[in-house]
Amino acid sequence: MIPLQVPFAEKDEAKALGARWDPMQKIWYIPDALETQADQFQRWLPGGSVTQPGAVTDSPLAEQAIPANDQEKGVPLSQLMFQVQTALRQRFQGGIWVRAEIANLNERRGHIYLELSETAETGQPIATCRAMIWQSQATHLLAQFESVTGVSLQTGQSVLLLTEVNFHEKFGFSLMVQDIDPSFTLGEIEANLNKIREQLKQEGLLAHNKRFAMPTDFMRLAVVAPPNAAGLGDFRADADHLHQLGLCEFLYFYASFQGDKAETELGLAFENVWALHEEKPFDAMIIIRGGGAKLDLNPLNTYTLAKQVAQASLPVLTGIGHERDNTILDEVAAVRFDTPSKVIAAVRHQIVTGAQTARQHWEQVQHLSRRFLDRQKQQLQSAEHTIQHQSLVWLHRHQSKLTPWMQTIQQQAQAKVQHESYQLSQHQQQVQTQTQHRLTMHRQHLSQMHSIIQTVPHTLLERARKHNKQMIGYVLSAGPKTQLSRGFALVRNSKGEPITEAEQARHQAQLAIQFRDGTVKAVPLDDPDQ
């Protein structure tokens, strides 16, 4: 089996050529049946080359290889495996410090079983190996690692291990861990931080969020935190009190700060904050965590999260909970605090300071307003006295001018009233005369109408009597006997019912035809043409 380094985007092409995926080691490889065709996999081979089957290589085993003879070809597998074991022991004597990443970790009966891996910059694994820490050393090594790093040995950590090479005829190659250097793991984190700092600096983002000053007042805040963070309870004790007093609104966005999902969940939380900030702005975004080991901060030290915080369109305040240890989020945020408690204390201080300042300004406004009102009151009193004095002088001056005019107006008004009274009396006499004339004419008209009403009913009744007599005579003359006497006949069926249509008559067995002087029985013919 020859391992391959196949990018994800090219996996379908490699698979079409015959490459296979090993889910245990998580690598692509060339099956044994296709090793003679390894040239077509050239671009995915580690180092760009492959050793053809049967080729002679410089190996510790080459000198000890046993040639086949005609009587017995090949060697037993156990013998070959023993030779490999012997060669490895001779080549790798004593301990070897190995750098690797923990891909998997399990504990069975006190022993620690590790799966170590090394990945390329593209993220593709280029080497994997099993490793063990025996129970006799596991307790001591794990405790020492945790005391220095503040976190237990776990999947995803970069480690420097003192190992011994081991090869077993049945179980294959593995490494026996003799010691662990915790300072290497911490150094890897710092190296990653330096790389992120340099990239943000080149993009002009390292101090981008620091352009925002600490807000002087807070009305609405977004808080990003783990749902069960140690410092969240202390933070909310003060925050809820401020919220209940109506001084500040807090909206919480929960996300994991540890594990593989930390970067994804925090990224979604930040995007949710940005979306709500566009609808109704926040004064700031607060990121809090509280407590925990130093290595627990590692999921926060990613370029993606740092860039999101640096490019935020509002000030970001951090209180991740470490006084001496920073995360990259602390470095790019506008303001950093050691703990969540210090963040809420600063918020409360700004609100209290703002309230005190507002109160001082209000008291100053009240004092200045009173002084202004007092001056205006004095000015109004002086103006009122002046207006009253000038009004009396003006009234006296104009009263003497208005007196002759008043007399003239009274005289003209009296003359006008007398003239209008005379005109009204004349109109009243005309109205009375015309009214009496009209009443006389209406009385005469009513008298004529009364005479007509008394005469017309008798005339109408007489006409109605004559009409009724005529109608009665007409009805009597239209009876059956009258019609029979005029030459008409009445046709009935056997039940005595009148027959009015020829079609009805054809379907009767016998008909009775009534004439003026008697009835004749008749039988209808079937043929309508006869």
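Modeller: A residue counts as buried under 20% relative accessible area, as exposed over 50%, and as partly exposed in between (1.4 Å probe, protein chains only). By that scale Arg465, at 48% relative accessibility, is partly exposed. The model is predicted, so local features need pLDDT of at least 70 and side-chain atom pairs pLDDT 80 or more, whereas totals for chains, interfaces and linings use all residues. Residues are numbered from 1 along each chain as its sequence is written, and side-chain values use heavy atoms, leaving out hydrogens and water.

Biologist: How many salt bridges does a search of the whole structure find?

Modeller: Side chains of opposite charge can pair when their charged atoms come close. The term salt bridge requires a side-chain nitrogen of Lys or Arg within 4 Å of a carboxyl oxygen of Asp or Glu, and the search of the whole structure returns ten of them. One of these joins the side chains of Asp238 and Arg348, with 2.7 Å from N to O.

Biologist: Where do Arg359 and Glu363 lie, and is Arg359 buried or exposed?

Modeller: Arg359 and Glu363 both sit in helix α9, four residues apart, which is about one turn of the helix, and their side chains form a salt bridge at 3.4 Å from N to O. Arg359 is exposed, with 58% relative accessibility, while Glu363 is partly exposed at 42%.

Biologist: What do the side chains of Glu462 and Arg465 form where they meet?

Modeller: They form a salt bridge, with an N to O distance of 3.2 Å. Glu462 and Arg465 are also both in helix α9, here three residues apart and again about one turn of the helix. Glu462 is partly exposed at 37% relative accessibility, as is Arg465 at 48%.

Biologist: Which residues are linked in a network of salt bridges?

Modeller: Such a network links Arg336, Asp338 and Lys342.

Biologist: Turning to another pair of helices, which residues in α3 meet residues in α4?

Modeller: For a contact, heavy atoms must lie within 4.5 Å. Phe145, Val148 and Thr149 in α3 meet Pro182, Thr185 and Leu186 in α4.

Methods
Helices (H or I, at least four residues) and strands (E, at least two) are DSSP runs, numbered from the N terminus.
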